[in-house]
Amino acid sequence: CFTTRMGGVSEGVFSSMNLSFTRGDKEEAVKENFRRIAETFHKTCEDFVFTDQTHTTNIRKVTREDRGKGILRPKDYTEVDGLITNEPGIILATFFADCVPLYFVDTKNHAIGMSHSGWRGTVNRMGKATITAMQNAYGTKPEDLVCAIGPSICMDCYEVSEDVAEAFRKAFPNQTNQILFDKGNGKYQLDLWRANEIILLEEGVRQENIATTNICTCCNEKYLFSHRASHGRRGNLGAFLMLKEGNKLD
């Protein structure tokens, strides 16, 4: 699942499906929004597990003991931008308003991952970190993964400064011309979608198993929250992934 702004009960700049407790929205409204998301999975809020996003590449292995953390009980972890699990019925929950959602499904070992990758996460290869964590935890092979790069800010909307551009030149020395476009005067357009795609391909994910979005959060602020388009006056979108109970993946 990737949410839009539609279908919730929040008001004002949070209208209406805001999924953040920390931006000033009413707590009861946000909880109702989460209840509605859980219902689409035929689950309850008890089944969510939240990240603690601080633009790291830290990954947490999630079990049933983690259910409800972030919404019904406090998180006993910090600085976690990615979640993995092989236990059905757990909804991995990550949050966005321009950064890149990364989805991972291991079709052989029946495991999943969900990660948050802004420019810092991307330059530090969050996609690789998630795949490595799944390899170590579940024996995942990259060629068995189906991945998605979700709605986020597009290259045309994402202008960055020289320091960010230099970090990407160092991190992607052979692909800089694919992801970074010089506008002059120390300004660049950055393609996070392509950068994340390159990371997945380098790790061995098959091209035909990568679905890359063509939906920009900033271009579509009427339907999606965008930090850049709203100048920070916004709620959060959610990206969610769950293994079905009683089902095996093909």
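**Close-up views of a predicted model**

**View 1. The largest nonpolar core.** Five of its members, Phe104, Phe168, Phe172, Leu190 and Leu200, touch the most other members of this 38-residue core. The model is predicted. At least two core residues each come from strand 5 (100-106), helix 3 (126-138), strand 7 (145-149), helix 4 (162-171), strand 10 (187-190) and helix 6 (192-202). Helix 6 gives the largest share, six residues. In soluble globular proteins, nonpolar side chains tend to be buried together.

**View 2. A separate core.** Another core, of 20 residues, lies apart from the largest one. Leu92, Tyr103, Ile112 and Leu237 are among its members.

**View 3. The surroundings of Phe172.** Leaving aside residues up to four places away in sequence, Phe172 touches Thr122, Val123, Arg125, Ile179, Ala195, Ile198 and Ile199. One of these, Arg125, lies over the face of the Phe172 ring, 4.4 Å from the ring centre.

**View 4. Phe34 and Phe50.** The structure holds eleven aromatic pairs. In one of them, Phe34 and Phe50 are tilted, with 5.0 Å from centre to centre and 35° between the planes. The pair links distant parts of the chain, 16 residues apart: Phe34 is in helix 1 (residues 27-40) and Phe50 in strand 1 (residues 48-50). Phe34 is buried at 0% relative accessible area, and Phe50 is buried at 5%.

**View 5. Phe168 and Phe172.** This pair is stacked because the planes of its rings are at 10°, with the centres 5.8 Å apart. Phe168 is buried, at 0% relative accessibility. Phe172 is also buried, with a relative accessible area of 0%.

**View 6. A cluster of rings.** Phe21, Phe34, Phe48, Phe50, Phe95 and Phe240 are linked into a cluster by ring pairs.

Note on methods:
Residues numbered from 1 in each chain as written. Predicted model: local features only at pLDDT ≥ 70, side-chain atom pairs only at ≥ 80, totals over all residues. Heavy atoms only, no water. Core = buried A, V, L, I, M, F, W, Y, C linked by side-chain atoms within 4.5 Å. Buried < 20%, exposed > 50% of the residue type's maximum accessible area, 1.4 Å probe, protein only. Helix = DSSP H or I, 4+ residues; strand = E, 2+ residues; numbered from the N terminus. Contact = heavy atoms within 4.5 Å. Phe/Tyr/Trp six-rings, centres within 6.5 Å; stacked < 30°, edge-to-face > 60°. Lys NZ or Arg CZ within 6 Å of the ring centre and 35° of its normal.
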